[in-house]
Amino acid sequence: MIAALGLLVGVALGLFFRPDVPLGVEPYLPIAVVAALDAVFGGLRAYLDGIFDDKVFVVSFVSNVVIAAGIVYLGDRLGVGGQLSTGVIVVLGIRIFSNVAAIRRHLFHA
Amino acid sequence: MSESESGRSRLARALRRPSRSQAVVGVLLALVGFAGVTQIRTNEEDSTYSGLREQDLIDVLNGLAGTTQRTQAEIDRLSQERQDLLSETTQREAALERTRREVDSLNVLAGLVAVTGPGVRVTIAETTGVVKVSSFLDVIQELRSVGAEAIQVNGQVRLVAQTSFEQGTGGIVVDGTLVEPPYVVDAIGDANVLAGAMVFSLGPARTIREEGGELTVEELASIDISTTREREGSEFAEPDP
């Protein structure tokens, strides 16, 4: 309940404050959001499996975001930022798909 | 089956009963929502290239250069086409103009249109005798041979190539129309030349005078010849291709 409320509050705050993204962070924000989404779906799946632990969730959330942004940052330093961010998005996308498939099996038996 | 049921019931219980771990998850989800919305909004608003990497900028630039080149080629092709079409139009207009001028002069010759221009008015009055057709015809031929472009008699009959003359009672029958003296012949052409053709020695003026008539020539800066003829298609002759 609180989790769903938290999501709504975040969306509302984003719409309300309309913050400007700093220039240096701009390439990494989309990657970070996708990584966070992956962590969220992973957490939901774990919860439905009955093995959810909030400490694990927080750690996986933070590490997902940091590693995703870090990989892209490293790619930018190496001159392959575009390709690496594509690669990270693909991997995270696959994970999100498999997590959502597990959640679907839990909720709809299908 | 039982595990999926328990998954559902766990979700339902979580929705009903908040706990400490849910608060942590809520904070993180708020972060995700905030960042997601911010990113979406930035993405929609961002029309500048400030957030792009160097490689992306180079790609954009290359794409633009390619597009420019293609567009330039397209422009060249289209303007070439336009040039062609324009010159074609000009040629057509010139041909049309030529044909129109030809039609105009043919219409004048055929007597199909009313015409206006400088010329002479020849008045042949009968004083003591009767003017013969041959003398009258002489006047007409003389006018024609010095380049009269349009001729009418008494404002009644337009003279063309097929015009016929015969002697009638009390006048001359021109193309079936009786024309009575005094005959007024309007001719459009070079007024000086036309007038000269009437009055030279041994010319038509003298012949008319010998027959008891009186020929006077008036040079006019502008004569209106308003009589016209019906267009007659040729019945037997056909133009060779």
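These legends describe close-up views of a predicted model.

In this predicted model, local features need pLDDT of at least 70 and side-chain atom pairs count only at pLDDT 80 or more, while totals for chains, interfaces and linings use all residues. Residues are numbered from 1 along each chain as its sequence is written, chains are lettered from A and ligands numbered from 1 in the order in which they are written, and side-chain values use heavy atoms, with hydrogens and water left out.

**View 1. Chain A, overall.** Chain A has four helices and zero strands. Helices (H or I, at least four residues) and strands (E, at least two) are DSSP runs, numbered from the N terminus. The pattern along the sequence is α-α-α-α. Of its 110 residues, 36% are buried, meaning under 20% relative accessible area with a 1.4 Å probe and protein chains only. The accessible surface of chain A is about 6,200 Å², and carbon and sulfur atoms hold 76% of that. Areas come from the Shrake-Rupley method with a 1.4 Å probe. Among contacts in chain A with a separation of 6 or more, 72% link residues 24 or more positions apart. Contact means heavy atoms within 4.5 Å.

**View 2. Helices α2 and α3 of chain A.** Helix α2 (residues 29-49) of chain A and helix α3 (residues 54-78) of chain A have axes that come within 8 Å and cross at roughly 150 degrees. This angle makes α2(A) roughly antiparallel to α3(A); the term applies to angles over 145 degrees. Axes are lines fitted to C-alpha atoms, for helices over the stretch in contact, and angles run from 0 to 180 degrees between N-to-C directions. The crossing of α2(A) past α3(A) is right-handed, that is, the near helix is turned clockwise from the far one by less than a right angle. From α2(A), the contact includes A:Ile31, A:Ala35, A:Ala39 and A:Gly43. From α3(A), A:Phe57, A:Phe61, A:Val65 and A:Val72 are among the residues that take part. By class, the contact of α2(A) with α3(A) counts twelve nonpolar, three polar and one charged residues. Nonpolar covers Ala, Val, Leu, Ile, Met, Phe, Trp, Tyr, Cys and Pro; charged covers Asp, Glu, Lys and Arg; the others, Gly among them, are polar.

**View 3. Chain B, overall.** Six helices and eight strands make up the secondary structure of chain B. From the N terminus on, they run α-α-α-β-α-β-β-β-β-β-β-α-α-β. Chain B has 241 residues, 32% of them buried. Chain B exposes about 15,400 Å², with 53% supplied by carbon and sulfur atoms.

**View 4. Helices α4 and α5 of chain B.** Helix α4 (residues 133-145) of chain B packs against helix α5 (residues 191-199) of chain B at about 145 degrees, with axes 9 Å apart. The crossing of α4(B) past α5(B) is right-handed. B:Val139, B:Glu142 and B:Leu143 of α4(B) meet B:Leu194, B:Ala197 and B:Met198 of α5(B). The contact of α4(B) with α5(B) divides into five nonpolar, no polar and one charged residues.

**View 5. B:Ser135.** B:Ser135 lies in helix α4 of chain B. B:Ser135 is buried, at 2% relative accessible area. Leaving out residues up to four places away in sequence, B:Ser135 touches B:Thr207, B:Ile208 and B:Glu211.

**View 6. B:Val157.** B:Val157 sits in strand β3 (residues 157-159) of chain B. B:Val157 is buried, with 6% relative accessible area. The C-alpha atoms of B:Val157 and B:Thr228 are 7.7 Å apart, across 71 residues along the chain. Not counting residues up to four places away in sequence, B:Val157 touches residues including B:Ile151, B:Val174, B:Val179 and B:Arg229.

Key
Parallel < 35°, antiparallel > 145°, perpendicular 65-115°, else oblique. Buried < 20%, exposed > 50% of the residue type's maximum accessible area, 1.4 Å probe, protein only.
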